[in-house]
Amino acid sequence: MLDYGLKDKVVIITGATGGIGRAIASEFYDLGAQTVLTGRNHEKLFAICDALHTDPKKGLEPLCIPLDLTAIEAEETLIQETQKNFNRIDVLINNAGRVDSRMFLKSDPVFLQNMIHLNMIVPYNLSRLALPHMLRNKYGRIISMTSIAGAMGDAAMSAYAGSKGGMAAFTKAIAAEYGRRGITANCIAPGIIDTEAAHTIPAQRRKELRDINPMRRFGKPEEVAYLAAFLASERAAYINGQQIHINGGIIR
Ligand SMILES: NC(=O)c1ccc[n+]([C@@H]2O[C@H](COP(=O)([O-])OP(=O)(O)OC[C@H]3O[C@@H](n4cnc5c(N)ncnc54)[C@H](OP(=O)(O)O)[C@@H]3O)[C@@H](O)[C@H]2O)c1
């Protein structure tokens, strides 16, 4: 097993009930991190924690905090509960997100605002709230899940792309501001990853997307999780302010 130096590191993972978040939770748990998992669906969240923690000797018991992160003070609750339980925060993984497509002329500012709230304002606030705890320990990793659509654009994705592009931009600013203090901030921009969210794409479109991918397949959630673990590690100390694409080789 690779040693990423993540043992006992306190890692917050949002969207842990989703396909990618669950894989990230499992990877960090296996690497010995103290995971703090959040999602909206209580039942699913606790089932994921139980499934991870079947062998208590293998890792630390995950802390589950079910939350709708767009609710008032939800971000504060997540950070305060983590701090109260573990007295430190080492890694924040801003993974919760909403994908919704709408042709530009059928979209409106409310649609955009809702998208921006979860995909940009929540990660912005969580990063802002977690950062002072990271600065105290002179170590921190902020990793945010953007998207190929945010970097390259896509039809019917203006609101989603805007929200993810915004996240990538503020990540660079955080990186520029706090790199010298031991904090890195990076984004992971997945192409299509085989999760429930990807299954909402109509079958014919899924086939087309697979056919144009150099690898002729979609990514696996665990492939994203391996990258997240690397970025969170000491080994990635000099990677800062980047958006790393993980998409099988799509170049536009
Ligand atoms: N899958 C892909 O192909 C792909 C490609 C590019 C980027 N991404 C990005 O990767 C991230 C994870 O994607 P995924 O495929 O794993 O998505 P997913 O399976 O749909 O999971 C989304 C996660 O976000 C959580 N969430 C949604 N609304 C929330 C809210 N208001 N408050 C708190 N949590 C909320 C969900 O919680 P509940 O289910 O409990 O409500 C779930 O845990 C997202 O940011 C997405 O934009 C995914």
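The shell around the ligand holds 13 nonpolar, 12 polar and five charged residues. This is a predicted model. Helix 1 (residues 19–30) gives that shell its largest share, three residues. Helix 1 is also largely enclosed by the rest of the structure, because 10 of its 12 residues are buried.

**Ligand shell**
- In total, 30 residues surround the ligand.
- The closest are Gly 15, Gly 18, Arg 40, Asn 41 and Gly 97.

**Helix 1**
- The buried residues here are Ile 20, Gly 21, Arg 22, Ala 23, Ile 24, Ala 25, Ser 26, Glu 27, Phe 28 and Tyr 29.
- Each of them counts as buried because 20 or more other C-beta atoms lie within 10 Å of its own.
- Several strands are part of the cover over these buried residues: strand 1 (10–13), strand 2 (34–37), strand 4 (91–94) and strand 5 (140–145).
- Helix 2 (42–52) and helix 8 (221–232) are also included in that cover.
- The length of helix 1 fits expectation: at 1.5 Å a residue, its 12 residues should span 16 Å, and its end C-alpha atoms are 17 Å apart, which agrees.
- Just after helix 1 comes Gly 32, with a positive phi of about 85 degrees.

**Nonpolar core**
- The largest nonpolar core has 65 residues.
- Val 11, Phe 28 and Ala 228 touch the most other members of this core.
- Helix 4 (residues 109–137) supplies the largest share, eight residues.
- Phe 28 is also one of the buried residues of helix 1.
- Beyond its neighbours within four places in sequence, Phe 28 is in contact with Leu 6, Val 11, Ile 13, Ala 33, Thr 35 and Ala 229.

- Most residues other than glycine have a negative phi.
- Ala 156 is not a glycine, yet its phi is positive, about 65 degrees.
- Ala 156 sits in the loop between helix 5 (148–152) and helix 6 (158–178).
- With 15 other C-beta atoms within 10 Å, Ala 156 is partly exposed.
- Arg 216, a residue other than glycine, also has a positive phi, near 55 degrees.
- Its place is in the loop between helix 7 (203–212) and helix 8.
- Arg 216 is exposed, because it has 9 other C-beta atoms within 10 Å and the cut-off for exposed is 12 or fewer.

Key. Residues are numbered from 1 along each chain as its sequence is written. This is a predicted model: local features need pLDDT of at least 70, side-chain atom pairs count only at pLDDT 80 or more; totals for chains, interfaces and linings use all residues. A nonpolar core is a set of buried Ala, Val, Leu, Ile, Met, Phe, Trp, Tyr and Cys residues joined through C-beta atoms within 7 Å. Helices (H or I, at least four residues) and strands (E, at least two) are DSSP runs, numbered from the N terminus. Two residues are in contact if their C-beta atoms, placed from the backbone, lie within 7 Å. A residue is near a molecule or strand if its C-beta atom, placed from the backbone, lies within 6 Å of it. Ala, Val, Leu, Ile, Met, Phe, Trp, Tyr, Cys and Pro count as nonpolar, Asp, Glu, Lys and Arg as charged, and the others, Gly among them, as polar. The expected span of a helix is 1.5 Å times one less than its number of residues.
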